[in-house]
Amino acid sequence: MLEIKKLTKTYNNNTIFRDLDLTVSDGEVLSIVGPSGIGKTTLIKILAGLETADAGKVTLNSEQLPVDGTRTDAKVGLIFQDFNLFPNYTVLDNIILAPINVNKIDKAAAKDQARSIIDTLGMLNKAELYPFQLSGGQKQRAAIARALVMDPQILAYDEPTSGLDEASTKQVAEIVKTLKHRGVTQLIITHDQFFAEIVSDRVFDFSKEVAR
Amino acid sequence: MNYFLELLPSLLSGLKMTLGVFFFTIIGSIPLGIIVSLGMKSEYFTIRWLINGYIWIMRGTPLLLQLIFVYYGLGMMGISFPRFEAAIIAFIINYAAYLAEIFRGGLQSVPRGQYDAAKVLGFTKIQTFFKIVLPQVIKIVVPSFGNEVINLVKDTSLVYVIGLGDILRAGNIAASRDVTLIPYLLVGLIYLIMTAIVTVLLRRTEKRLNIWR
């Protein structure tokens with residue numbers, strides 16, 4: 001379970017959000033909606049350890065996560081809006097790089113694990129391609145696989161449907177559902193209210209529920 | 001032909017010197033250049049200030065002068081190196097400054113998102129640099145790096161000023177002894193061959209790196 005208590009973020013004397021409280025249960029799919037520039041991305045970046053918060057507590061499965069920028073773990077997987085795949089590695093190598101270097105897993109075992117994940121995502125025939133050879137939707141699935149292989153306790157998506165056509169958007173919805181069945185807790189940042197309603201168990205309206 | 005064979009031993013011994021300066025400079029200036037380029041991004045003002053001063057001096061004065069300074073100048077101050085070592089030191093610190101500027105440009109062109117992605121996956125800063133950032137920097141800098149390597153092939157001829165016998169000096173001696181320009185032609189040809197080899201190697205490297213974008 002993820003518990004966010006009284007989280008406050010200011011930037012250059014502007015309050016992005018104040019005293020934010022949010023709880024996400026295990027296996028839940030929660031969408032956070034609201035217009036751009038309101039601090040949704042900042043929130044998941046804080047959860048992933050990429051941004052610092054000014055005050056507040058984040059607890060993940062009863063372990064408190066520091067919000068002061070000292071995180072080094074991979075407990076929160078993040079699917080970036082522009083994916084940030086490593087251009088110099090193939091899809092497969094993008095996925096196994098962290099297991100091998102961070103978790104010190106044997107290369108053959110890492111490859112087996114990676115193949116099974118990209119198989120689930122329908123990307124097995126793209127394993128040996130480089131990111132520039134992939135479409136937007138394929139890049140996204142590669143990014144999802146790269147995050148999943150580290151077995152994060154939460155998977156957070158930043159605007160997963162932006163820039164995708166209708167077919168790819170449906171595919172993302174399918175992936176979210178598949179992962180939900182596997183018990184993956186998912187947090188989706190989106191301004192697409194319709195997509196949010198379809199895929200999530202609960203929608204959190206950032207603009208209504210968060211003080212600034 | 002006979003004249004050519006006559007010249008060969010002295011030219012070859014000069015070539016050995018030229019290649020020695022070339023390879024030691026490459027080996028020393030690449031890592032130093034990388035370290036300097038990372039130092040340019042240091043959060044400490046003093047480090048950035050020192051590095052900028054170093055680069056300014058290295059790029060702002062002739063390499064010839066730097067060679068003279070390292071060998072004769074430092075010698076007068078009681079820090080003396082043998083000629084070859086002095087030449088290598090001068091070349092390495094000079095080329096590291098140029099390479100650092102090139103690497104800095106390469107580092108700047110790796111997007112912030114690459115570092116973010118690495119951090120979220122749990123990579124340490126060192127792993128991020130060597131596994132993710134450096135390979136991308138290498139691809140970006142290969143063309144400008146190649147220019148410097150070709151310059152280096154020719155710049156090695158400056159070592160004559162501290163009395164080292166490189167290939168140009170060998171040609172020079174033969175030319176004035178035998179009153180002919182043929183040794184110069186041969187020396188020119190050998191430089192052309194060396195730069196051609198470097199060019200081919202660089203092209204191949206570029207091609208190999210072009211499998212990803």
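Modeller: Here is a short talk about a few strands and some annotated spans. This is a predicted model, where local features need pLDDT of at least 70, side-chain atom pairs count only at pLDDT 80 or more, and totals for chains, interfaces and linings use all residues. Residues are numbered from 1 along each chain as its sequence is written, while chains are lettered from A and ligands numbered from 1 in the order in which they are written.

Biologist: What makes strand 7 of chain A mostly covered?

Modeller: A residue is buried if 20 or more other C-beta atoms, placed from the backbone, lie within 10 Å of its own; 12 or fewer makes it exposed, and in between it is partly exposed. In strand 7 (residues 154-158) of chain A, 5 of its 5 residues are buried. Strands here are DSSP runs of E with at least two residues, and helices are runs of H or I with at least four, numbered from the N terminus.

Biologist: Which way do the residues of strand 7 of chain A point?

Modeller: I154(A), A156(A) and D158(A) point one way, and L155(A) and Y157(A) the other. In a regular strand, side chains alternate between the two faces of the sheet.

Biologist: How do you know that strand 7 of chain A pairs with strand 8 of chain A?

Modeller: Pairing takes at least two DSSP bridges between two strands. Strand 7 and strand 8 (residues 185-190) of chain A run parallel and are joined by 5 bridges, so they pair. L155(A) stands opposite Q186(A) in strand 8 of chain A.
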